[in-house]
Each structure stands twice: as structure tokens, then as C-alpha cells.
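Here is a briefing on one protein chain, arranged by topic. Please look over the sequence and the coordinates before reading on.

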Amino acid sequence: MPLIELDAASSAAPYEQIRAGVAALVAAGGLRAGDRLPTVRRLAEDLGLAVNTVARAYRELEQGGVIETRGRAGSFVTGDEVTSR
């Protein structure tokens, strides 16, 4: 089961839905500091999206302080509840 579900009828771009969904999970406590996120490739495959779409969402989450990428170790939740842009 994917980390989040996308709404095909939404006017929001898929990368934005991913960004907002992960940020909301962090804010609600569904993801906690130190939790590892699926790899970009795995989430892209699970959601049927291009790798670059998921990579953009992860970059924006990282820029917002919600996640951090530790090279080959993966992407992890920082615990910051940054949900707005």
C-alpha cells in the first residue's frame, strides 16, 4: 500500500499532493521523527508516477524542513511540522 493516495480528480499536481500528504502525515503523527520514507523509485512505482515527480515532492519537503535525505541511507522525517508553502 502506498504511503499516500493521490486524487486523480484534484486540481493539485501529483507532486504537490505527495508533498502535502507527507507533511500532513507528519503533522498528524502518522509519521514521526526518524521514520524512513519509501525510496523515490519505490513510491513512484507504487503511485504509477514518474520518478522525477516524486523526487520533486521530496526536494520540496526537504527544503521545507519536513524530511532530510541522508545520501544512500534514504530520506527520513525530521519531525518539523511545516505544512504551508
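The model is predicted.

- Leu37 is in contact with Leu3, Val22, Leu31, Tyr58, Ile67, Ser75 and Val77, when residues up to four places away in sequence are not counted.
- In soluble globular proteins, nonpolar side chains tend to be buried together.

**Packing of α2 against α3**
- The two helix axes, those of α2 and α3, come within 8 Å and cross at roughly 120°.
- An angle of 65 to 115 degrees would count as roughly perpendicular, and one over 145 as roughly antiparallel; α2 and α3 are therefore oblique to each other.
- The crossing of these helices, α2 and α3, is right-handed.
- On the α2 side the contact residues are Val40, Arg41, Leu43 and Ala44, and on the α3 side they are Val51, Val54, Ala55 and Tyr58.

**Glutamine 17**
- Gln17 is part of helix α1.
- Gln17 counts as buried because its relative accessibility is 15%, and the cut-off for buried is under 20%.
- The Gln17 side chain reaches the backbone nitrogen of Asp7 at 2.7 Å.
- Beyond neighbours within four places in sequence, Gln17 is in contact with Ile4, Leu6, Asp7, Ser10 and Ala12.

**Serine 75**
- Ser75 belongs to strand β2, which covers residues 75-77.
- A relative accessibility of 9% means that Ser75 counts as buried.
- A polar contact of 3.1 Å joins the side chains of Ser75 and Thr69.
- Ser75 also touches Asp35, Arg36, Leu37, Tyr58, Ile67 and Glu68, among others, with residues up to four places away in sequence not counted.

**Alanine 13**
- Ala13 sits in the segment before α1.
- Ala13 counts as partly exposed, because its relative accessibility is 30%.
- Ala13 and Thr53 are 40 residues apart along the chain, and their C-alpha atoms are separated by 9.2 Å.

Notes: Residues numbered from 1 in each chain as written. Predicted model: local features only at pLDDT ≥ 70, side-chain atom pairs only at ≥ 80, totals over all residues. Heavy atoms only, no water. Contact = heavy atoms within 4.5 Å. Helix = DSSP H or I, 4+ residues; strand = E, 2+ residues; numbered from the N terminus. Buried < 20%, exposed > 50% of the residue type's maximum accessible area, 1.4 Å probe, protein only. Polar contact = N/O pair within 3.5 Å; in protein donor to acceptor, adjacent residues only side chain to side chain. Axes fitted to C-alpha atoms, helices over the stretch in contact; angles between N-to-C directions. Parallel < 35°, antiparallel > 145°, perpendicular 65-115°, else oblique. Left-handed = near helix turned anticlockwise from the far one by under 90°.
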